[in-house]
Amino acid sequence: MHTGASSPPPPWRRHCLCSELLVFLLFLWGTSEANEELAALPPRGWNSYDSFSWTVDESAYLQNAQILAEKLLPHGYQYAVIDFLWYRKYVDGAYTDSYGFDNIDEWGRPFPDLQRFPSSRVDRGFSQIASMVHGMGLKFGIHLMKGISVQAVNANTTILDIKTGKPYLEDGRQWTARDIGLTHRTCAWMPHGFMSVNTDTGAGRAFLRSLYRQYAGWGVDFVKVDCIFSTDYSPEEIITISELLQEIDRPIVLSLSPGTEVTPALAENISDHVNMYRITGDDWDNWNDVSSHFSVSSSFAAAKKIGATGLRGRSWPDLDMLPFGWLTDPSVNQGPHRKCNLTLDEQKTQMALWSMAKSPLMYGGDLRHLDDLTLSIITNPILLKINHYSKNNMEFRYVYSERTSKKEHSGRFRSPHHVHLTKNDGIFVSLTACSDDTTNGWYMLSQDGKPDHVCRNYKIQNEKSIPFCLGKTKPLVASDIIIMDNMDHQSKFHLSVRNTHDTCLDASAGRRRTASELRFPMFSACRWHAKQMWELNANGNLVSSYSGLCAMVESRDGGTSGARAWVATGSKGEIYLAFFNLGSTSIKMAARISDLGKVLRRAFLRKQLCSCTEVWSGKNFSLTKEEISAVVNPHGSVVFEIIC
């Protein structure tokens, strides 16, 4: 008798229905992941560079990844990143800028060192490691250099067309690495390693497309692209990479590194196309590196770049990794061998600034030696809440100290990253986007019997205007292997100091620099390389042929002494106030409640109903008075959470 109830499907059909449902759910999950806002919050994770330099191997990496999953993933640290030179053979003679030790496939693309990463023998890739990392609940990241390797260009490898699986053809011919490699734009600090790619050609884009499709096929979730930003600025390649990543179904975070000499004006051109971008040099475990971050982070906060629109989501100015715990030294051929040199107060200060500035948090120490005290610093719940969910983050300039009883900070920001070119009244040169008005005003000055000079007038403290000049010379006959096309560079010239003709001004340093070093520019033997070529345009801009950036002059003002403060607001109305003492003696710091109210546009109508807790100590403070004050240790910090 028919009851109206349907019969259950046969077993084979039930199996098909389950499979179809699984496929449908996976489709929905993949679609949701692809449409999810990328880097909606500042990314967190672990990077191998501070502890292993370039020598990390599969075993050490996976051990760190496992601890990351167990101890830091619950606190939002989810990216496990293998830093640079994973494709380099770890043998005698190999180092940061060595040549001939890299694994390159038939298409000119690097693949992992099979001795250090034995699981890569399966596919000459990272798919096995990525699968293991994903199984831990983490996301997998790798470091990349810009463009194409010098080895590939010298070998003249063919370019893969991923649409056909065959060599790339255009205009009736087969294109190769020599057709796309820009030999005059090798990486300034790794000239024997990599060079820029000509993205104006279909072949150049085809090569980069084959790279990033391969990385996506390996299961990569995060790419950190180096020697492409700041004084090594390659905006066309940055934008091309961003566009190619948008072609890929799965989301991949795009991070730029390093970031020496970065200004908000420079970041304006690329922040929409990336998710993270370094705004300082390499941060290592010394106080000068930490303190150099205060002024530059303040300028990016003032420019509203924190959490601005980015690739498929948001972008974040990056203050670099947290070099705590068990570390190594920059660019060495060995793994971790020493403890962090920062004091406990200095580590807390770094963590507090990184959180208040909403920088990505990438831990750099060897997690196999993670101690409880370091763990408590990098997982402080209130600081992590500030790092992810606070708003209105900015430097607070109404801070008073017992020594001066005056505002410690006022006036516009001046970048700390400069270098002394001459002894001419402390004037310095740096680079920024040519749209910045501070780059205007250069002119040619000719003197009888002497070479021409390129000058810019500059006002010193007594308002006297003086010319700042560099010697202009025509390029010498090229003595190195990197030759620039004569016709394309007839208007370009070298710049020297004190009329020397054998030492020329470089637009980018020949080695990686730390955050506190005076980085730009450098002088070296003259040669026909884009980083030494300059042009004076009709607008009065002195333009670098290497980066397309423009020179500006100003006096050195690092802004790295005395009392500093930051403020932010929480998602539930909390107010955060951080005091920082960059000096070498303890000081009492204070902020008036009325000033907090004016800056944050908040009213403290009944202060007696507000609670004020210091984050590091857990101590409660009273708001019944007209100010908040605390004694701050040398190089130390005090962070308040105010809830009304």
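Buried means under 20% relative accessible area, exposed means over 50%, and partly exposed lies in between. The model is predicted.

**Exercise 1.** Find how many disulfides the whole structure holds, and give their pattern along the chain.

Solution. 
- Step 1: the criterion is a pair of cysteine sulfur atoms within 2.5 Å.
- Step 2: a search of the whole structure returns five disulfides.
- Step 3: with bonded cysteines counted along the chain, the pattern reads 1-2, 3-8, 4-5, 6-7, 9-10.

**Exercise 2.** Characterise the disulfide of Cys434 and Cys550: distance, handedness, location and burial.

Solution. 
- Step 1: the S to S distance between Cys434 and Cys550 is 1.9 Å.
- Step 2: the torsion about their S-S bond is about 90 degrees, so the disulfide is right-handed.
- Step 3: Cys434 sits in the loop between β22 (427-432) and β23 (442-447), while Cys550 belongs to strand β31 (residues 550-555), so the bond ties together parts 116 residues apart in sequence.
- Step 4: Cys434 has a relative accessible area of 28%, so Cys434 is partly exposed.
- Step 5: Cys550 has a relative accessible area of 0%, so Cys550 is buried.

**Exercise 3.** Do the analysis for Cys455 and Cys469.

Solution. 
- Step 1: a disulfide joins the two, with S to S 2.0 Å.
- Step 2: the angle about the S-S bond of Cys455 and Cys469 is 110 degrees, and the link is right-handed.
- Step 3: Cys455 is in strand β24 (residues 450-459) and Cys469 in strand β25 (residues 465-473), 14 residues apart.
- Step 4: Cys455 is buried at 0% relative accessible area, whereas Cys469 is partly exposed at 23%.

**Exercise 4.** Are Cys504 and Cys526 buried or exposed, and where do they lie?

Solution. 
- Step 1: Cys504 and Cys526 form a disulfide with S to S 1.9 Å.
- Step 2: the link of Cys504 and Cys526 is right-handed, with 85 degrees about the S-S bond.
- Step 3: Cys504 lies in strand β27 (residues 503-506) and Cys526 in the loop between β28 (522-525) and β29 (534-536), so parts 22 residues apart in sequence are tied together.
- Step 4: both Cys504 and Cys526 are buried.

Note on methods
Residues numbered from 1 in each chain as written. Predicted model: local features only at pLDDT ≥ 70, side-chain atom pairs only at ≥ 80, totals over all residues. Heavy atoms only, no water. Helix = DSSP H or I, 4+ residues; strand = E, 2+ residues; numbered from the N terminus. Buried < 20%, exposed > 50% of the residue type's maximum accessible area, 1.4 Å probe, protein only.
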